[in-house]
Amino acid sequence: MRTQSWLPIGLFGLLIFSVIFSVSQGAMTIAPQDTVTALWSFLSGHDHQLAPHIPLIIQDVRLPRTLLCIVVGSLLALCGAVMQGLFRNPLADPGIIGISAGAALGAACAIVLFGEIALPLLSQLSVPVFAFFGGAITTLLVYRLGRVKDRKSTRLNSSHRL
C-alpha cells in the first residue's frame, strides 16, 4: 500500500525529468542547467543570465513541441483505455479490431475520389476526414457485430475451458 502512494509522485518526477531532457536535446544541445534556468525564468518572469538565443529556442521551438507530445501521448493512452473498456478486451487495439484497416480504406477512397481535383486543399483535407469516418464506421460495425440479442457484449468466462 505504501508504494502505491509514491507511484504518482515518482511518475510526475519522471515526467518533469523527461520534459527537461526533451527540451535540452536538439540540433543545438543546451545544457540541462540552462534549460532549467530558461524554463524557470519563463514561468516566473524573472530575468536570466543566458545567451539570448537559448530562451528563444526553448520557448518558441522545443517547449511547444514537448508539450504537444505530452498531450498527444496522453490522448492516445486515453483512447486505448476507452477502446479496451468498450470492447471489454485488454488486448483490443486498432490493428486487431480492424479500425486501422477501415481508416486506410477511407483514406484510399478519398485518394481515388479526390486525387485529380484541381483544388489541392480539398484533396488534402479529404484524406484525413475520410480516414476518420472509415475508422469510426468500422468501430461501430465491430461493436454492433460483437453484441448479442440481450444487449450485452459476448464474453467468455474463465470457468469455460476449451
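This is a predicted model: local features need pLDDT of at least 70, side-chain atom pairs count only at pLDDT 80 or more; totals for chains, interfaces and linings use all residues.
## Aromatic pairs and a helix crossing

F114 has a relative accessible area of 21%, so F114 counts as partly exposed. Buried would require a value under 20%.

**The whole protein**

The protein contains six helices and zero strands. Along the sequence, the pattern reads α-α-α-α-α-α. There are 162 residues in the protein, and 19% of them count as buried. The accessible surface comes to about 12400 Å², and carbon and sulfur atoms account for 71% of it. Among contacts in the protein with a separation of 6 or more, 46% are between residues 24 or more positions apart.

**Aromatic pairs**

How many aromatic pairs does a search of the whole structure find? The search finds four. One of them is formed by F17 and F21, and this pair is stacked, with 6.5 Å from centre to centre and 20° between the planes. F17 and F21 are four residues apart in helix α1 (residues 2-24), which means that about one helical turn separates them. F17 is exposed because its relative accessible area is 54%, and exposed means over 50%. F21, at 48% relative accessibility, counts as partly exposed.

A further pair consists of F114 and F130. Their ring centres are 5.6 Å apart and their planes stand at 80°, so this pair is edge-to-face. F114 lies in helix α5 (residues 99-114) and F130 in helix α6 (residues 120-145); the two are 16 residues apart, and the pair links distant parts of the chain. F130 has a relative accessible area of 30% and is therefore partly exposed.

| Residue | Relative accessible area | Class |
|---|---|---|
| F17 | 54% | exposed |
| F21 | 48% | partly exposed |
| F114 | 21% | partly exposed |
| F130 | 30% | partly exposed |

**Helices α2 and α3**

At what angle do the axes of helix α2 (residues 32-44) and helix α3 (residues 53-87) cross? They come within 10 Å of each other and cross at roughly 80°. Angles of 65 to 115 degrees count as roughly perpendicular, so α2 is roughly perpendicular to α3.

On the α2 side, the residues that meet α3 are D34, T35, A38, L39 and F42. On the α3 side, they are I54, P55, I58, Q59 and L63. The residues of this contact divide into seven nonpolar, two polar and one charged.

Technical notes
Residues are numbered from 1 along each chain as its sequence is written. Side-chain values use heavy atoms; hydrogens and water are left out. Axes are lines fitted to C-alpha atoms, for helices over the stretch in contact, and angles run from 0 to 180 degrees between N-to-C directions. Angles under 35 degrees count as roughly parallel, over 145 as roughly antiparallel, 65 to 115 as roughly perpendicular and the rest as oblique. Contact means heavy atoms within 4.5 Å. Ala, Val, Leu, Ile, Met, Phe, Trp, Tyr, Cys and Pro count as nonpolar, Asp, Glu, Lys and Arg as charged, and the others, Gly among them, as polar. Rings of Phe, Tyr and Trp (its six-membered ring) pair if their centres lie within 6.5 Å; planes under 30 degrees apart count as stacked, over 60 as edge-to-face and the rest as tilted. Buried means under 20% relative accessible area, exposed over 50%, partly exposed in between (1.4 Å probe, protein chains only). Accessible areas come from the Shrake-Rupley method with a 1.4 Å probe; for residues, only the protein chains shown count as cover.
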